Amino acid sequence: MKAARSGNPEKKAPALLDAIRAVGELLAAEGETAGIVVVGGAALILGGIVSRLTEDVDIIATARSWRKGVPASISRPDPLPASLLRAVSRVARDFILPENWMNAEVGAQWDMGLPPGFEKRVRWQQFGGLSLGIADRRDLIYLKLYAAVDNEEPQSVHYQDLLALRPDKRELAAAAT
Amino acid sequence: MSIGIKKNIVRTITESAIDSAWIQWRSLGSLITAPKSARSLVDPEALVLASLTLRDHERRLWDVLASWAVTGSKLLSVQRIKNLTPEYPTRTTDRLAEFARIAFMEGGDHRWRKLAGAESGPRPRTQELRRPSANGWDPAALIVRLRLGVGVGLQADIVAFLLSQKGAWASSRVIAEATGYSVYAIRRTADKMAEARFVESTGHKPLEYRADRAAWRGVLGLEEDVLPWRYWYQAFAFVADLIALSQEGALEAATKYLLSSHLRDLAEKHENAFRLNRIPSPDPRQSAGEEYVAAFEQVAEGLANWMSESA
């Protein structure tokens with residue numbers, strides 16, 4: 001969602017929350033459910049840590065099992081459920097967003113391993129048929145540090161997001177190990 | 001609680017479509033009253049499909065249709081109506097089977113046999129609303145008139161479309177878009193017509209065709225320019241879908257966003273109706289999410305106004 005397709009640059013970009021809510025409404029209307037865990041800028045926005053309006057939604061995991069309507073365990077987001085992909089594509093059209101505004105590229109992080117206890121710290125929110133899990137602050141620090149070291153520029157979004165998370169030395173040291 | 005578009009939108013469009021149909025049937029020589037003559041060429045198959053759609057709202061349209069099915073079906077193209085029906089909702093095409101049955105059983109027109117259903121639809125109050133031979137032709141009835149003269153088929157429709165272009169060249173694709181025939185069929189027929197000197201062809205790429213206005217005016221005894229072509233089958237298809245969706249309750253949704261998304265589907269499906277007829281409509285890319293509901297209402301109002309002005 002970093003770059004809107006709209007030809008009018010002055011037009012206010014749609015809020016991330018509107019687009020996510022729309023995905024949930026579409027799933028519910030189809031009688032479908034999906035569970036995703038998001039990290040990155042979208043997680044920071046949804047967690048109230050940064051105030052950007054738009055951001056790609058990086059899915060790091062999908063719900064693997066459910067208990068009483070709530071995701072009970074997660075797995076690598078590969079592939080994303082077909083019903084979710086249909087909803088994401090429709091929302092891209094309806095909100096004039098790039099096709100891949102919600103994607104699972106960050107799922108490659110599973111190759112390096114997720115922070116220990118990541119799954120237990122996920123906080124779940126419900127948007128219609130969409131259960132959306134937000135990674136915990138300490139996990140976001142871990143992942144942002146990992147992303148920021150690849151960007152030498154202090155002005156980079158990852159670096160700035162890491163600053164916004166206000167990690168202390170102990171948290172940075174833990175993330176670095 | 002469900003959310004819908006403004007209640008008067010569907011009603012306004014329906015009324016505008018009924019008025020248009022009424023004017024067009026009158027211009028084809030039907031024995032009915034209408035406030036004016038049509039301002040654009042009447043597309044006979046589009047008019048049949050529109051009238052079948054509007055039958056519930058204006059029962060007299062069924063009387064006109066039943067009259068035409070008995071004495072005028074031979075002036076309609078079965079092939080063309082088959083080409084156009086995929087653009088229309090099932091409700092309309094189901095009723096076409098009733099029209100076809102009357103044309104086949106009572107009109108003796110065997111071309112309609114394959115389209116005929118088991119029922120003939122509601123009993124019409126009269127089947128004498130078509131004048132078998134017109135006393136003078138309304139300029140809007142050019143397509144029907146040409147079909148009567150040269151036969152029902154692509155030739156008459158190609159000539160009518162080219163004459164409406166006032167001497168401008170038109171490609172096979174443009175003619176196909178207007179008439180609903182395939183590009184291949186148009187090119188094959190138009191090439192033969194050019195060889196017979198019925199129309200002119202550029203003879204080279206881009207391959208385009210035009211009709212000699214002066215010559216055809218002489219043949220047809222026209223005193224004024226041919227009326228403009230309007231893309232009625234595309235416009236009526238939008239109306240038919242809108243009415244069908246309204247009757248099915250599909251113009252309501254649980255949330256405003258869901259409604260906006262359904263409306264976007266509808267507008268996307270029928271974008272040709274707006275593009276070809278140059279009906280002003282807001283760019284959907286400027287109305288994100290639920291903002292499109294208001295934009296769609298403008299689109300629908302634009303179509304209603306266009307029908308009032310163009311019929």
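These notes go through chain B as a whole, one of its sheets, and some backbone details in chains A and B of a predicted model.

1. Overall size of chain B. The C-alpha atoms occupy a box of roughly 65 × 50 × 35 Å along the principal axes. The radius of gyration is 20 Å; a compact globule of 311 residues would have a value near 19 Å, so chain B agrees with that expectation.

2. Burial and contacts in chain B. Of the 311 residues, 50% are buried. Among contacts with a separation of 6 or more, 72% are between residues 24 or more positions apart.

3. Secondary structure of chain B. The chain has 14 helices and five strands. Three strands make an open sheet with the order 2-4-3, and their pairing is antiparallel. Strand 2 (170-171) and strand 3 (200-201) of chain B are the edge strands; each has a single partner strand, so one side of each has no neighbour in the sheet.

4. The pairing of strands 2 and 4 in chain B. Strand 2 runs antiparallel to strand 4 (residues 208-210), and two bridges connect them. At one position in this pairing, A170(B) is opposite Y209(B) of strand 4.

5. Cis peptide bond in chain B. The bond from K205(B) to P206(B) is cis, with omega near -5°. P206(B) sits in the loop that links strand 3 and strand 4 of chain B. Both of these strands belong to the open sheet with the order 2-4-3.

6. Cis peptide bond in chain A. Here D78(A) and P79(A) are joined by a cis bond with omega about 0°. The loop holding P79(A) lies between strand 3 (70-75) and helix 3 (82-94) of chain A.

7. Positive phi in chain B. K166(B) is not a glycine, yet its phi is positive, at about 55°. This residue lies in the loop between helix 7 (154-164) and strand 2 of chain B.

8. Positive phi in chain A. R166(A), also a residue other than glycine, has a positive phi near 50°. Its loop is the one between helix 7 (157-164) and helix 8 (169-176) of chain A. R166(A) has 10 C-beta neighbours inside 10 Å and therefore counts as exposed.

Key: Residues numbered from 1 in each chain as written. Chains lettered and ligands numbered in written order. Predicted model: local features only at pLDDT ≥ 70, side-chain atom pairs only at ≥ 80, totals over all residues. Pairing = 2+ DSSP bridges. Helix = DSSP H or I, 4+ residues; strand = E, 2+ residues; numbered from the N terminus. Rg over C-alpha atoms; globule rule 2.2 N^0.38 Å. Buried ≥ 20, exposed ≤ 12 C-beta atoms within 10 Å, placed from the backbone. Contact = placed C-beta atoms within 7 Å.
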